[in-house]
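Dear colleague,

Please find below the structure we spoke about, with its sequence. My notes on it follow.

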Amino acid sequence: MKRRIIEIDQDKCNGCGACAAACPRGAISIDIDDDGFQSYSIDESLCVGCGICQGVCPMNAVKAKRVGDAKCLLSYQSHDGKGLTRSSSGGLGADLAGLFAERGYRVFGCIYDSEKDAALTTEVDSLALDKLRGSKYIQSRSAEALATASAPGAGKIVFFGTPCQIAGLDSVLRRKGTRDEAVLVDLICHGVPSGLLWTRYLADRESEGVGEHPDVYFRWNANGWSPLKMMMMTSPSKDYSAVESEDDFYAFFNPGLCCAKSCYECPYRERSAADVRMGDYWGGRFAGDQKGVSMAIVMTDTGAKIMQKLVARGAKSEQFDLREYWDCQFPYNQGLPLIWDELMADLRA
């Protein structure tokens, strides 16, 4: 009898790797598709149609709590002044990573690997936590880290990721009965652009004299939070810097012209499976603060206790109306751009 092969809508796939981590047959892998996005594929010779992948897929079964039901919304600014100059905004992510590293947790988050010209979600040891600082506005390869963090005997972990990645991990951990061993932190997310855009962008910079495999800082704020810059550094080759309004990458990224199709129908802009959601505190309230301020949405009792411990260490924090999440972040899906197919075809050329 022919095996029934499970189908998950490819256009909804966010490439998180939850399906691969949960598959008992090892039938699923995550690879880069023709449009430059992380996406699943199934080995039909191994699949037995059990349906576990469908059950844990965060885009197929949305179980996360609504942000409107969060415990509270906080501003946050780290007491570590030097750290603030290396962080994208208020240093919340770095302080969280440091807190749990001190407690012996395994820390997983996104780094930029200049040798691979890619963002990787990976385990980071306590001596390399600074690699987690700063935004990376390209899709990270998260499947391997998610599988490691949810494997039997993984122990206590703290995991940073996009809302869909965290929802996928949350789903796998709950299925395995180990969610209580984890602290999950998701990021207020704009969407992920095609890897083809990043490849083209790097090639253009190289043609201008920037060396291969540069160190990349998507939000260079050594001289203050505004204006923010894209910065690339190589030695001894030419460096590159440009404010967002004059940079080619941001011309496509900021208006969301070539994000993954799943980003245009994302169910997690107003939902979260994390203990804490974090991002920049945009808007007028902190417009004059050049050090940067983070926004924290506390989703669980665990998240509330964590934030209390960080504030007790000397961080500046205030509670504000939860409505400011919508006022400052504008967490709504935009429609698929009319030029999406044409743009992707051009990037593939």
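Ser75 sits in strand 4, which spans residues 72-77. This is a predicted model, and what follows should be read with that in mind. The relative accessibility of Ser75 is 4%, under the 20% limit, so the residue counts as buried. Setting aside residues up to four places away in sequence, Ser75 touches Tyr281, Phe286, Val293 and Ser294, and also Lys316, Ser317, Glu318 and Phe320.

On the nonpolar cores: the largest one has 30 residues, and Trp198, Phe218, Met230 and Phe249 are those with the most contacts inside it. Two or more residues each come from strand 5 (106-113), helix 7 (195-207), strand 9 (215-220), strand 10 (229-233), strand 11 (240-243), helix 8 (248-253) and helix 11 (340-348). Trp198 is in contact with Phe218, Met230 and Phe249, and also with Tyr112, Asp117, Ile138, Val216 and Met232, when neighbours within four places in sequence are left aside.

Thr178 is a loop residue, placed between helix 6 (163-176) and strand 8 (182-187). Is Thr178 partly exposed or buried? Its relative accessibility is 29%, which lies between the limits of 20% and 50%, so Thr178 counts as partly exposed. The C-alpha atom of Thr178 is 9.2 Å from that of Lys156, a residue 22 positions away along the chain.

For the chain as a whole, there are 11 helices and 15 strands. The radius of gyration is 20 Å; a compact globule of 349 residues would have a value near 20 Å, so the chain agrees with that expectation. Along the principal axes, the C-alpha atoms fill a box of roughly 65 × 50 × 40 Å. Buried residues account for 54% of the 349. Of the contacts with a separation of 6 or more, 71% are between residues 24 or more positions apart.

Regards

Methods
Residues are numbered from 1 along each chain as its sequence is written. This is a predicted model: local features need pLDDT of at least 70, side-chain atom pairs count only at pLDDT 80 or more; totals for chains, interfaces and linings use all residues. Side-chain values use heavy atoms; hydrogens and water are left out. Helices (H or I, at least four residues) and strands (E, at least two) are DSSP runs, numbered from the N terminus. Buried means under 20% relative accessible area, exposed over 50%, partly exposed in between (1.4 Å probe, protein chains only). The radius of gyration is taken over C-alpha atoms; the globule rule is 2.2 Å times the number of residues to the power 0.38. Contact means heavy atoms within 4.5 Å. A nonpolar core is a set of buried Ala, Val, Leu, Ile, Met, Phe, Trp, Tyr and Cys residues joined through side-chain atoms within 4.5 Å.
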